[in-house]
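Dear colleague,

Please find below the structure that I am handing over to you. My notes on it follow directly after.

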Amino acid sequence: MSRLQVRTWQHGGVTAATPFPSFPTGADDPAGSADAVLLGLDPEQREVATTLRGPVCVLAGAGTGKTRAITHRIAYGVRSGQLMPASVLAVTFTNRAAGEMRGRLRALGAGGVQARTFHSAALRQLQYFWPRAVGGDLPRLVERKVQLVADAGTRCGVRLDRSQLRDVTGEIEWAKVTQTVPADYPAAALKAGRDAPRDMAEIAQLYGAYEQLKRDRSMIDFEDVLLLTVGILQDRHDIAEQIRRQYQHFVVDEYQDVSPLQQRLLELWLGDRDSLCVVGDASQTIYSFTGATPDHLLDFRIRYPQATVVKLVRDYRSTPQVVHLANGLLAQAGGRAAAHRLELVSQREPGPDPVYAAFADEPAEAEGVAARIRKLIDAGVPAGEIAVLFRINAQSEVYEQALADAGVPYRLRGAERFFERAEVQRALLALRGAARSAGNDPLLDDVVGLGAQVRAVLSATGWTAEPPAGSGAAREQWESLAALVRLAEDFARARGGATLADLAVELEERRAAQHAPTVQGVTLASLHAAKGLEWDAVFLVGLTDGMVPITYAKTDDQIEEERRLLYVGVTRARLHLTLSWALSRSPGGRASREPSRFLNGLRPGSGALAAWVGSPAEREVAERETRRRTPRGSARCRVCGRTLTAAGELKLMRCEDCPSDMDEGLYGRLWEWREIQARAQRVPAYCVFTDKTLVAIAEAAPAGSGELAVIPGVRGRKLDRYGAEVLAICAGQAPDAAGGADA
């Protein structure tokens, strides 16, 4: 039976898809025909694009081109004259997704369409109508909600540590998006099965104090933006009608993540009309803790019996091997969302099988993952096309350390916002100044082309053609500027004849929407933060029972959401997928952990080594690594004797706050040597040795290669390359006296 016949048998007559380019021929020509927008769409995407009237529900699996389908739908409607650009409001959930949608619509000739997040659209309406509906200026937005919750705790005499502050803030947000007032919180939280971080009555008290503090300080938070907009539209029918005259057609992406409050706002925007297109996948509902529910998506046909329903199941993102694993995960699922699951059909050529790997402990897992990433990069996979995904952010430290030891650049998703970085703000200021100079900037004399002009302007702010040597901070700043250069080059290709002034407008729009360009480096992110993103290679780490599913997932619904979270992680991978777990937390710990129950029946075998699927060479490496890491007793602080678990402490073999016996002079000499090495190799200093490794060397003062080799971060390749020079420095000699390592 052919591959096509297999797909038809499994999926009810799905025909072969038409290959499509990034942009259909003529699609980026605003004067082109409406039919040009339809070129390259598969049959189901084409049905979405051409069904412009009445309610439409698009059930779109991961990687099936849903954004392509809905942007082409809007563009087809605009080009065919059936939709006026200003009458369409497209709503999604993240600034990045909204920015991507705006970019695609511009390229398709539908640049006048508004594409925003729920909060952005509501805030814009609130700012415009507040003077008329309420009077005066709109209260200012809370910048640091956690600080306000801390102040509420002080007012109530309740002391909250950092984690409790975060958790209580999350409970307040949940209460507000579910439209629960403080007095009703305990009953509502109990009914919803919330795992409250403190006594529910106490949280209700904190919630009430938080609301009172906002009133006292004339402030509103993000949830208030939605609540106040809903309140105005409910009370002021004249304002509601004005908005309905403005927006007559609505598109909602990621509809499975809509909260009751967002659904109420959408209903008020719509009024009694039904010109609504929703897109979603119940199997990707992973934000129920914020109040999101797939019920609105699953009940769409009940609310709109006449709705057109289109299913997108052709997966253009992932290989058949990755898709097979994703389908297998959902095949074991239960609950209402599982009953509506979509079975994906890969449209790509076959690729490598997913790799399953068990390790002795978490540091060993991190080192193994870093080694495999290094191998992928050496084989030509860009670092920016690789991601390490974990269940909770606390898992990131050991991977940061391992990647640094392996000389692999990385970036933490969810860290400081791109447009808030000082170097980015200086660069934007310089670009705006150059745009205003209108050809009178001496930096741009004889410089032709937008990309070259941007490189010339940014050269004055620190950008160079090659990345700098030196500290991680210098490299991070260079990567930020390099991201702006790449964005300018992409913008110039998409907009022929674009000028610096055009780019300045684009950057300002991106800054306002926090739609940042991509910074190169391996991505470290939580599974939740990875939603909506994709990479060539994905490493799903820490997949033990108790982590995935997380230990506090108790009910059937909570456990099924954990399964969906793993499904989201799997479907981020285009080609390479590795799933790994550690049998114990730290070296010497008891190997009592079990791999995630979600992998039962999917991973081959059940033992640590039997669970490895890969080439014979990879298996040999795994066996050797496991033998090397065989536990011989718990790692303990050499000062106080406490068991060590954190990656940095394991490297130093002592607690962070225990006294150090470091030789300061030796550390200084090692630091200077590292700077020289980094400059010579044109890499960040941490790619030679991390700060923690230098401290560990200076504390141990090794006299021979055997003593040096046992220091974490000085093994294998680094020991061979730098060992002789490091030992010479420790012996008080100049590095060259040892013969010099090949740099």
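Which backbone nitrogen does the side chain of Thr117 reach? The model is a predicted one, and in it the side chain of Thr117 reaches the backbone nitrogen of Ser120, at 2.9 Å. Thr117 belongs to strand 3, which covers residues 114–117. Because buried means under 20% relative accessible area, Thr117, at 9% relative accessibility, counts as buried. Apart from its neighbours within four places in sequence, Thr117 is in contact with Val91, Thr92, Phe93, Thr94, Asn95 and Ala98.

Across the whole structure, a search finds eleven aromatic pairs. In the pair of Trp174 and Tyr185, the ring centres are 6.2 Å apart and the planes stand at 80°, so this pair is edge-to-face. The two residues are eleven positions apart and link distant parts of the chain: Trp174 lies in helix 7 (residues 162–177), and Tyr185 in helix 8 (residues 185–192). Trp174 and Tyr185 are both buried.

As for the protein chain overall, its secondary structure consists of 29 helices and 16 strands. Of its 743 residues, 51% are buried. The chain exposes about 32,500 Å², of which carbon and sulfur atoms supply 51%. Among contacts with a separation of 6 or more, 76% are between residues 24 or more positions apart.

With kind regards

How values were computed: Residues are numbered from 1 along each chain as its sequence is written. This is a predicted model: local features need pLDDT of at least 70, side-chain atom pairs count only at pLDDT 80 or more; totals for chains, interfaces and linings use all residues. Side-chain values use heavy atoms; hydrogens and water are left out. Helices (H or I, at least four residues) and strands (E, at least two) are DSSP runs, numbered from the N terminus. Buried means under 20% relative accessible area, exposed over 50%, partly exposed in between (1.4 Å probe, protein chains only). Contact means heavy atoms within 4.5 Å. Accessible areas come from the Shrake-Rupley method with a 1.4 Å probe; for residues, only the protein chains shown count as cover. A polar contact is a pair of N or O atoms within 3.5 Å; within protein, one must be able to donate a hydrogen and the other to accept it, and residues adjacent in sequence count only if both atoms are side-chain atoms. Rings of Phe, Tyr and Trp (its six-membered ring) pair if their centres lie within 6.5 Å; planes under 30 degrees apart count as stacked, over 60 as edge-to-face and the rest as tilted.
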